[in-house]
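Please prepare a brisk structural report on the protein below.

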Amino acid sequence: MRTSRGSKASFLIAFAVVVVILAILGITNGGAGFEQTIWSLLPPVVAIGLALVTKEVYSSLFIGIVVGGLLVNNFAPVATLDLVVNDGLVTSIADNAGIFLFLVILGIIVALVNNAGGSAAFGRWAESHIKSKTGALLATFVLGVLIFIDDYFNCLTVGSVMKPVTDRAGISRPKLAYLIDATAAPVCMIAPISSWAAAVSSTAEGLGTGISGIQLFIKAIPFNFYSLLTFVFVIAIAIMNFDYGTMKKFEQKAIENKDLSAIPGEEKVEGNPDGRIIDLVLPVVVLIITCTIGMIYVGGFFGVDAWGGTDCAGDFIAAFGNTDAFIGLPWGGLIALIITIVWMLARRILDFESCMACVQKGFNAMVPPIIILTMAVSLKTMTGCLGAADFVHDLMLTASNNLYALLPAIIFIVGCVLAFATGTSWGTFGILIPIVTAIFPTESPLLMVGISACCAGAVCGDHCSPISDTTIMASAGAQCEHVNHVSTQLPYAITVAAISFVCYIIAGFVQNAVLCLAVGTVLTILTLVVLKKVTAKA
């Protein structure tokens, strides 16, 4: 990444502030621990703050990790180094090897498709069929909605397919990254057949709600205001052809200077002129099919799961609930890669040597997201060691005694903050769902609203967080600078979050999903109309 003098100065100032805060903590703490206190949220705050101020992700995340290690070990240097290296970086690489492998495989497939001319052919087709910028935005949105099985898969697939279309339409890469992110976790969170539905239902299973986990998930979907209103928001800004905040600057640069703000040095590949649309469509379709089969195979649909169990044999939904995407996605991706190479060779649009050259190209393209994901997971480990989840748990139980009708709105905000700080939506609803079921009795009409608020907050925080794996995947899918994606997405996500918060306040008193969604839709459109008029005058 390029670093200007201004960003260097900002980094040094921000780093000095962090050092002063740590010095004060070390002096005033007197040997007491920082676990399960508000200080448990300091490492992600430091990392996120530095990233937004300096526009430099790697060093910001690493400093956040070191801050967490120092707080966990009460500023003991050797113990901190051991925690950061062994429990942080090494463990995060080992635990995420499966998703790293899938990233590399997908990078190779994208390189193959580009070199074969499939992406260029699709771009030519789109140029003749998708006539406007609005059409390109809506086409990206629709594809994102259709790929609802898994958020990682969604981010990388939508990005690789739609980049030629959005590039030709003059849409900046940060805008593409937002569209990818807005149709990843939000879509998966309301799709009954998805890895997210499986995670929520397995978390909610056996909590004494009187219904199964998947039934609870489905009944909570109408109250998931953040996901549903995000769709309204995306469609509205596409039709209105309107942007605001930092995104407006990137879109203006794309229009005026033809600068799409892609990753510096991104290789432009024209590919084989004999390439056809089928050379892009077939690998993507095969990837979807093989990854789906891989997920349910690992979950035990065909008899025995990856852990030797047979409970999910023949049960599609149960197999999804029992799967591990870190195993299933590489499983399906590898088969899709082999089929893609065979297809390219059979079509004689790439020779074997060219196919093998794409292996290195695909790997190189995925190095930045792999580094960021490694550090982000390490930062989550530090936050977990500090007991951030227990701190939030205690806050929630205290609030439940005094603010019953407002609890859905409070749960939503807590979910947002926790997912933003930790970068994990699955961990967030894993923490909050048992609390929600403990607070609201089975017969309470607020139970479903509370579950939805918890899930919506987790998605919102995940959507905003620079250390979220989905946010990182969206940047990788769009091939844009991660900091640019985060800074442009925040105003949009916060707008929808504020409107969702209002809806949850209403839902606390009137448990009518249709009414609340109608209010939310009207507020979303009115907000955009007002913002458009205000920014036009500026």
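## Gln 479 and the end of helix 24

The side chain of Gln 479 places a polar atom 2.9 Å from the backbone oxygen of Ala 476. Polar contacts are pairs of N or O atoms within 3.5 Å; within protein, one must be able to donate a hydrogen and the other to accept it, and residues adjacent in sequence count only if both atoms are side-chain atoms. Gln 479 sits in the loop between helix 24 and helix 25 (482-509). Its phi, just after helix 24, is positive at about 55°. Gln 479 counts as buried, because its relative accessibility is 11%. Buried means under 20% relative accessible area, exposed over 50%, and partly exposed in between (1.4 Å probe, protein chains only).

This is a predicted model: local features need pLDDT of at least 70, side-chain atom pairs count only at pLDDT 80 or more, and totals for chains, interfaces and linings use all residues. Residues are numbered from 1 along each chain as its sequence is written, and side-chain values use heavy atoms, with hydrogens and water left out.

## Helix 24

Helix 24 spans residues 469-478. Ten of its ten residues are buried, so the helix is largely enclosed by the rest of the structure. Among them are Asp 469, Thr 470, Ile 472 and Met 473. Ala 476, Gly 477 and Ala 478 are also buried. Helices (H or I, at least four residues) and strands (E, at least two) are DSSP runs, numbered from the N terminus.

Ser 468 caps the N-terminal end of the helix. One of its side-chain oxygens lies 3.2 Å from the backbone nitrogen of Thr 470.

## The nonpolar patch

A nonpolar surface patch covers about 810 Å². Its members include Ile 278, Val 281, Tyr 297, Phe 302 and Trp 331. Helix 15 (278-298) and helix 17 (325-347) each give two or more residues. Helix 15 supplies the largest share, six residues. Patch residues have over 30% relative accessible area and no salt bridge; like charges are joined within 9 Å, and nonpolar side chains (Val, Leu, Ile, Met, Phe, Trp, Tyr) within 5 Å. A salt bridge is a side-chain nitrogen of Lys or Arg within 4 Å of a carboxyl oxygen of Asp or Glu.

Val 285 belongs to the patch and lies in helix 15. It is partly exposed, because its relative accessible area is 38%. Ile 338 lies in helix 17. That residue is also partly exposed, at 49% relative accessibility. Ile 338 and Pro 283 are 55 residues apart in sequence, yet 10.0 Å apart in space, C-alpha to C-alpha.

## Positive phi in two other loops

Most residues other than glycine have a negative phi. Asn 74 has a positive phi near 55°. Asn 74 lies in the loop between helix 3 (57-72) and helix 4 (77-95). It is partly exposed, at 31%.

Arg 348 is not a glycine either, and its phi is about 60°. Arg 348 falls in the loop between helix 17 and helix 18 (352-365). Arg 348 is exposed, because its relative accessible area is 75%.

## Overall picture

The protein has 26 helices and zero strands. Of its 538 residues, 55% count as buried. Take contacts (heavy atoms within 4.5 Å) between residues at least 6 apart in sequence: 79% join residues at least 24 apart.

The protein exposes about 21,200 Å². Carbon and sulfur atoms supply 68% of that area. Accessible areas come from the Shrake-Rupley method with a 1.4 Å probe; for residues, only the protein chains shown count as cover.
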